[in-house]
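Open your viewer and keep the selection tool ready. We will go from stop to stop, picking residues as we go.

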Amino acid sequence: MDYEELKSGYKFPTVSYSLIPSIVSKYKEAVEAQPAENNFVPPLAIISHAFKSMFESTSLPPGSIHAAQEAEFLKPVTIGSRIDCQAQVIQKVSRTKLNMLVIEFNAFDSDKQLVLSGKMTLASQV
């Protein structure tokens, strides 16, 4: 899908994935996280993998940046868990020199329980 086609209310296809150890390890390596003594996935790893998967099917304007994010983490997720992430465009603003896209997202575990929710804002120059 092209960025120009995205409109308020557009629902991205649900992204489903398993938080296998290699995904968690790549995230921890990228952020230089200290090894944990538990089996929990860092909450931001869930978001970053969901965004990566979601934007593989959407072309963003060159130079787009992740301008803001807010998230509420509702329950811990263990390594190996399956996640279903749903997202939709809640606002798209086009100004003379700036585009902004606000996306609301929710992630559910295999029991269909909400594990996190939030919003992200992407910005790009026109």
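Which residues does Ile46 touch, not counting residues up to four places away in sequence? Select Ile46 and look around. The model is a predicted one. Ile46 touches Tyr17, Leu19, Val41, Val77, Ile83, Ala107 and Leu116, with residues up to four places away in sequence left out.

**Stop 1: the core**

Together with Ile46, they touch the most other members of the largest nonpolar core, which has 30 residues. Colour by element next. E1, H1, H2, E3, E4 and E5 each supply at least two residues of this core. H2 gives the most, with 6 residues.

**Stop 2: helix H2**

Select residues 43–54. This is helix H2, and it has 12 residues. Draw a line from its first C-alpha to its last: the helix reaches 17 Å, close to the 16 Å expected at 1.5 Å a residue. Which residues of H2 are buried? Pick Ala45, Ile46, Ile47, His49, Ala50, Phe51, Ser53 and Met54. Then show what lies over them. The cover includes strand E1 (15–18) and helix H1 (21–30), along with E2, E3, E4 and E5.

**Stop 3: Lys52 and Glu56**

Lys52 forms a salt bridge with Glu56, and their closest N and O atoms are 3.1 Å apart. Lys52 counts as partly exposed because its relative accessibility is 49%. Glu56 has a relative accessible area of 59%, so it is exposed.

**Stop 4: Lys75 and Asp109**

How many salt bridges does the count come to? The count is 3. For another one, select Lys75 and Asp109: their closest N and O atoms are 2.7 Å apart. This pair links distant parts of the chain, 34 residues apart. Lys75 is in the loop between strand E2 (65–73) and strand E3 (82–94). Asp109 is in the loop between strand E4 (98–108) and strand E5 (114–125). Is Asp109 buried or exposed? Its relative accessible area is 9%, so Asp109 is buried. Lys75, at 28% relative accessibility, is partly exposed.

**Stop 5: Asp84 and Lys112**

Finish with Asp84 and Lys112. They form a salt bridge, with the closest N and O atoms 3.5 Å apart. This pair also links distant parts of the chain: Asp84 is in strand E3, Lys112 is in the loop between E4 and E5, and 28 residues separate them. Asp84 counts as buried because its relative accessibility is 15%. Lys112 is exposed, with a relative accessible area of 58%.

How values were computed: Residues are numbered from 1 along each chain as its sequence is written. This is a predicted model: local features need pLDDT of at least 70, side-chain atom pairs count only at pLDDT 80 or more; totals for chains, interfaces and linings use all residues. Side-chain values use heavy atoms; hydrogens and water are left out. A salt bridge is a side-chain nitrogen of Lys or Arg within 4 Å of a carboxyl oxygen of Asp or Glu. Buried means under 20% relative accessible area, exposed over 50%, partly exposed in between (1.4 Å probe, protein chains only). Helices (H or I, at least four residues) and strands (E, at least two) are DSSP runs, numbered from the N terminus. The expected span of a helix is 1.5 Å times one less than its number of residues. Contact means heavy atoms within 4.5 Å. A nonpolar core is a set of buried Ala, Val, Leu, Ile, Met, Phe, Trp, Tyr and Cys residues joined through side-chain atoms within 4.5 Å.
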